[in-house]
Amino acid sequence: MINVQGISKRYGSIKALNDLDFSINERSCFGLVGPNGAGKSTFMKILVGVIDRFDGDIQVFNQSVKKDQLAVKRCIGYVPQDICLEETLTANDNLTYFGRLYGLSGEHLRNRIRVVLEQIGLSERAHDKISKFSGGMKRRLNIGCAILHEPSVIVLDEPTVGIDPQSRHSIFSLISELKELGSTIIYSSHYMEEVEQICDSVGFIDKGKLVEHGTMKQVLDKHRNAAIFVAKDGMVTEELTAYGDVMQTDAGFFINCADPLSTMGIMIEHFRENGITPERLELSQTRLEDIFFQLTGLRLRDNG
Amino acid sequence: MWAITLTELKKNAQDKGLWFWTFILPIVFIVGFIAIFSGGEEMDTQALVTQIVPGYTVMFSFFIMISIVIAFVKERDGGMVARIASTPLPINRYFIGKWIPFMLIVIIQIIVLFSFGVLVYDLPLGDPLSLIVLSFVLAFLSTSWGMAMAVLVKTENMGIALTQIIALGGAMLGGLWMPLDMMPAFIQATAKFLPQFWALDGYKNILLEGGTIMDIWLSILILLSFGLIGAIIAFVSYPRFLRQSKS
């Protein structure tokens, strides 16, 4: 269990984190989402021991990031947003480098490198300089360097930025595999569909505050707001007002009502009787992205 | 710590710019300036060689600061500093691990340039122990200033500009380019406040007068003191540097 206890951090007059208090279950995959400058990276830097001046504490499996910093660092694998690899060296050299930084050596290190290269799908390219690698390959190696020492907690800060769908799929498979092997994952991303797909719990952070958190099901249920979506050329709002509150968009009409499923049945019956064939008629479920906008607003956040 | 040292050595061995600043350019300067000055009658050949070879060796040893600044700024801006800070490696070991390769490079540079002087210009070497001790102290000084500058500067360009001022300004005022007695009195007085002067003074004492450790103790003490100032600034400023690092 990771217990975040009253974490606050100031940069001059700016409060980057404001009394964060929550917990992350062991062997879970926790998604941390928020707009730019919300405080995600500051939180991650505190957790992995890069920032050591802050208020509050984090207990990682009963060890304090303040008092037992080295022990906590040994059980965490950090995948930063930037690709932190030595460009002039080979994949094997990079893994050796990070393995040694975590205290691995000899046969154990060589075995771990072999296993990790297979996990990240780079066994064939082990002895190639990474300056020749694609963005996706570098991202996978970036993860490889963080899991070499078999950490029980893996912190991933936007690990899929700027890569192709195949590499993204490969990274998701790797995260699932790590979760099955018993690791606790903390995953930060701007891609809401990714978080919804791979995380089982989620926390929304905005302006340094945790504005919502819970299991994915709890959060989605709490903010559930199913609607009916219908699209047809020439259709006007007045034809639909009998079914609920209608909102017209460029693509079609959203109808908010108390019981969308039954209402949709009534609509289908009505359309059939009147020979109306809509181009699209579907139930529109609330997605994580909708909740994100609900909680953080639509205003642009450009302050890094 | 050794993982950092070995990786840094591997990276530096592949850095063509470092080869140029460290070995090629100094040799070109030594050859060029000995050719220019050997035409005059002011200095005999041995005096010329014992001025130019150690003088330019001292001057170019300070150019290691450029490589140190580039290495640190790149790692700070690329997120590597924060990444390494997330590992269990203590900060001081990271720092020393990065430092050792640059010190080794300066020592190799001194060996190469002095060997070139011996082979091509018959440079006298003097007491080997004194030479080794003075060279280690010089390497400590130039790299500790490089480490201090690396953690203080905001950009690579700022570091490169300051290195030029320290290396070229110190060389000019410290008497590395020509014997101090050929320069105005105020420069001769200023030179005594510069480590470059004391490094060259130590080398000349060993090469020309057969000086031993006891004869160059003041040079060693002054260079060590300057080096310690750089090292203390570097260690004290490192936490701030870490806070500036991208993650």
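Trainee: Which residues of chain B does UniProt list for "transmembrane region"?

Mentor: The unreviewed UniProt entry lists residues 18-40, 52-73, 94-119, 131-153, 160-180 and 216-238 of chain B. Keep in mind that such annotations may be inferred rather than shown by experiment. The model itself is predicted.

Trainee: What makes up residues 216-238 of chain B, helix or strand?

Mentor: That span is 96% helix and 0% strand. Its end C-alpha atoms are 33 Å apart. Now take residues 160-180 of chain B, which are 67% helix and 0% strand. There the end C-alpha atoms lie 27 Å apart.

Trainee: How many helices and strands does chain B have?

Mentor: Chain B comes to 11 helices and zero strands. Along the sequence, the pattern is α-α-α-α-α-α-α-α-α-α-α.

Trainee: Why is chain B called as compact as a globular protein of its length?

Mentor: Set the value against the rule. The radius of gyration of chain B is 18 Å, and the globule rule gives 18 Å for 247 residues. Along its principal axes, the C-alpha trace of chain B spans about 60 × 35 × 35 Å.

Trainee: What share of the residues in chain B is buried?

Mentor: Buried residues are 47% of the 247 in chain B. The test for buried is 20 or more other C-beta atoms within 10 Å. As for contacts in chain B with a separation of 6 or more, 81% join residues 24 or more positions apart.

Trainee: How do you know what confidence the predictor has in chain B?

Mentor: Look at pLDDT, which runs from 0 to 100. Chain B has a mean of 90, and 98% of its residues reach 70 or more. Among the elements of chain B, helix α7 (residues 128-152) has the highest mean, 95. The lowest, 85, belongs to α1(B).

Trainee: Which residues touch the most other members of the largest nonpolar core?

Mentor: They are Ile154(A), Val155(A), Ile185(A), Ile186(A) and Tyr187(A), in a core of 81 residues. Helix α5 (residues 135-147) of chain A gives the largest share of this core, six residues. Apart from this core lies another, of 61 residues, including Met65(B), Val106(B), Leu194(B) and Ala231(B).

Trainee: What is Ile185(A) in contact with, leaving aside neighbours within four places in sequence?

Mentor: Ile185(A) is in contact with Cys29(A), Phe30(A), Ile154(A), Leu156(A), Ile175(A), Leu178(A) and Lys179(A).

Trainee: Why is Val236(A) called exposed?

Mentor: Val236(A) has 11, so it is exposed. Val236(A) lies in the loop between β11 (227-231) and β12 (245-248) of chain A. From Gln197(A), Val236(A) is 39 residues away in sequence and 36 Å away in space, C-alpha to C-alpha.

Trainee: Where does UniProt place the feature "domain: ABC transporter"?

Mentor: The unreviewed entry places that feature at residues 2-232 of chain A. The span is 35% helix and 29% strand, with its end C-alpha atoms 50 Å apart.

Methods. Residues are numbered from 1 along each chain as its sequence is written. Chains are lettered from A and ligands numbered from 1 in the order in which they are written. This is a predicted model: local features need pLDDT of at least 70, side-chain atom pairs count only at pLDDT 80 or more; totals for chains, interfaces and linings use all residues. Helices (H or I, at least four residues) and strands (E, at least two) are DSSP runs, numbered from the N terminus. A nonpolar core is a set of buried Ala, Val, Leu, Ile, Met, Phe, Trp, Tyr and Cys residues joined through C-beta atoms within 7 Å. A residue is buried if 20 or more other C-beta atoms lie within 10 Å of its own, exposed if 12 or fewer, and partly exposed in between; C-beta atoms are placed from the backbone. Two residues are in contact if their C-beta atoms, placed from the backbone, lie within 7 Å. The radius of gyration is taken over C-alpha atoms; the globule rule is 2.2 Å times the number of residues to the power 0.38.
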